[in-house]
Structure formats: C-alpha cells, structure tokens
Amino acid sequence: MPLPTCLNDSLTLPLVAAPMFLISGPELALACCKEGIVGSFPALNQRTSEGLEHWLIRMNEDLDAWKAANPGATVAPYAVNLIVHRSNPRWQADLELCAKYRVPIVITSLGAASQVVEAVHNYGGVVFHDVTNQKHARKAAEAGVDGIIAVAAGAGGHAGTVNPIVLVHEIREVFEGTILLAGGLAHGEDLLAGQAMGADLGYMGTRFINTTESQAEEAYRNMIIEAVSGDIIHTPAVSGIPANFMRQSLEAAGYAMDRLNQPGSVDYGEKLKPVDDEAKAWKTVWSAGQGVSQIRDVLSVRDLVKRLTTEYSRARARLYPEL
C-alpha cells in the first residue's frame, strides 16, 4: 500500500526502529532518523511530561539543523509512542505535547483511541497502532489509524503468538492502510520477506538494543549476544499481560521457571500494572525477541543501517537479478 506522505522520499530502508521501554531515547532516535529510518521512543521513557517536552524540542531542533547542514541527505521523521490506557495517567498531557510540537508519527499501544487520531490528524501527523490479532486490528481500523503494526510471534515486549505470515494477511483483510511487521526481524533480507508477504515496513526493536546509542546496560547487551531463540519466554508474569523476556534474566530475578509458561490473555484491562510498577519490573527483567539468535555484536546505528542496507540490496539482487 502507499506509504504516508511523510515517509515518501525520506527512507533509505523500509524500516522503523521500534520504541523500546527504558531503552530508546533521543540519541537512538536521532541517529536512526539521520540514517534514513524512522527513529522512535516511548513518551514514558521520560519520567515527566515536562521532560518529554525537552526531548521533543531537542528532536525538532536537531533534525532541522541536520537537514540544513546536509541538504542532500535522506532524513526520516521520528515517532513517539503513547500508552493509551488508564494505567497511564499522562497520556492525554503527552498527546497535547505531541500536537504542540507536531510530532510526525505517533505510535499508540494498548488502545487505539479515536481522540488520538483526531488530535494528530488535525496538525497533519500520522498514527500507527500496534496489535497482536485481527480483532484489535479491526478496532484500530475503525478508529481511523494510518498504519497498523502487526506484532507477531517472536517479537520483543508485549508480543503476540500468531505466525507473522498469517497475521499480516488477517490484518490486510480488515485494513487498507500501511502495515508494519514486527517479530524476530534482524537482517535486511527480513525486510524484503515482510514486503513479499504484504507488509509495507519492517518494525525492528531487539536488533537496536545492541547499538551504542541505546540506553541498554552492557550486561543487557551481552545477554542478548549470548542468547538464542529458545531462551525467549512468553509470559504474563512480569507485566500482567504476555510479553517476551530472556530466560537468563527471569532466572536472575528469581522467577519460578516452572510457572512462567502459564497462559495469559492479551487483555488490556485490570491485569495491566500501573506504569511505575511495570518500570520497576522491566529494569531488572530484560525483554527481547527471538531475533536474539542473530545478534552477535554491538555497533553504531550508522554501521547497523549500512549492514541492513547491504543485506536488503543483496536479497533483492538474488530475487530480481534482472533489475
């Protein structure tokens, strides 16, 4: 499907670096945007709305200065993630700041509120919403979002359990806009595979934890390097709803491993912990997706994007040698 206008001619790769709780900040987002992929961060990575305002000012000023100094560069827009749920008492105040500073892309989670869509569309912005199943995709489509993020099996954070191929097709049945695919992406060829199955953009999180610009601790990055896909455990034990965490981290935090695989529904109701409580939990229990098995180093965003671009181009050449 056609991309939103703000993404036309502003991407070097069809990729969004996903907003990661306690990991993504302006340093990571700016580095991504300057390399031509969408950079992002959760609003809640700033402890207050006042702090978020400082981040938004920095993002706008730094990107404007970069564009002025590099007139021929491909510079992507940035995105801010809002948790649109009663467990987050800040979301309306943070939305007002997004409108004030005209954040190009707002990514909503845990609720596709039509109020957000209206506010963002009023200043010309775009709304993406993440879902784990067709039911929530249909609600997001009804709310008028511009893009839906298919959070498939194997994604980091609050992930789903549906196969990515199936999930993309199910979303396309009920939505005509932009589809972004999340779940285990770690290489450039993964982006091409997503496009082949009907997604428009890739949505990559875990791979960007192991960049020098992320806020992850060194021990976190090392654990990712040592982990394999079998170490990722999908459990509601930490945040109240199912999410993916590294086994080593859960063991270190004292979780009873024989109880972690108890089923949990993706119910954004009373099960969800208040944001302050969840932040405390996620500081010591580290989330990651199944793509950890493909991550064996830590490098700058610039070097990572160069690698992904090379992999993407080579994959296209293998499939379409005549081009």
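Which residues are linked with R58 in a network of salt bridges? E27 and D62 are linked with R58 in that network, a salt bridge being a side-chain nitrogen of Lys or Arg within 4 Å of a carboxyl oxygen of Asp or Glu. The model is predicted, so that local features need pLDDT of at least 70 and side-chain atom pairs count only at pLDDT 80 or more, while totals for chains, interfaces and linings use all residues. Residues are numbered from 1 along each chain as its sequence is written, and side-chain values use heavy atoms, with hydrogens and water left out.

- By the stated rule, the count of salt bridges comes to 10.
- The side chains of R58 and D62 form a salt bridge with an N to O distance of 3.6 Å.
- R58 and D62 are separated by about one helical turn, because they lie four residues apart in helix α2 (residues 49-69); helices (H or I, at least four residues) and strands (E, at least two) are DSSP runs, numbered from the N terminus.
- R58 is partly exposed at 31% relative accessibility, and D62 is likewise partly exposed at 28%; buried means under 20% relative accessible area, exposed over 50%, and partly exposed in between (1.4 Å probe, protein chains only).

**Salt bridges of D297**

- D297 meets R207 in a salt bridge of 3.2 Å, N to O.
- This pair links distant parts of the chain, 90 residues apart: R207 belongs to helix α8 (residues 206-209), and D297 to the loop between α11 (275-284) and α12 (301-319).
- R207 is buried, with a relative accessible area of 2%, whereas D297 is partly exposed at 22% relative accessibility.
- D297 also forms a salt bridge with R307, at 2.8 Å from N to O.
- The pair of D297 and R307 again links distant parts of the chain, joining the loop between α11 and α12 to helix α12 across 10 residues.
- R307 has 33% relative accessibility and counts as partly exposed.

**Packing of helices α3 and α4**

- Two packed helices are described by the angle between their axes and the distance between the axes.
- The axes of helix α3 (residues 91-100) and helix α4 (residues 114-122) come within 10 Å and cross at roughly 15 degrees; axes are lines fitted to C-alpha atoms, for helices over the stretch in contact, and angles run from 0 to 180 degrees between N-to-C directions.
- Helices α3 and α4 are therefore roughly parallel, the class for angles under 35 degrees, as against roughly antiparallel over 145, roughly perpendicular from 65 to 115, and oblique for the rest.
- The crossing of α3 and α4 is right-handed, meaning that the near helix is turned clockwise from the far one by less than a right angle.
- W91, Q92 and L95 of α3 make the contact with Q115, V116, A119 and V120 of α4, where contact means heavy atoms within 4.5 Å.
- The residues of this contact comprise five nonpolar, two polar and no charged (Ala, Val, Leu, Ile, Met, Phe, Trp, Tyr, Cys and Pro count as nonpolar, Asp, Glu, Lys and Arg as charged, and the others, Gly among them, as polar).

- D94 is found in helix α3 and is buried, at 1% relative accessibility.
- Not counting residues up to four places away in sequence, D94 touches A43, S49, L52 and L82.
- E50 is found in helix α2 and is exposed, at 52% relative accessibility.
- E50 lies 185 residues from T235 in sequence and 34 Å from T235 in space, C-alpha to C-alpha.
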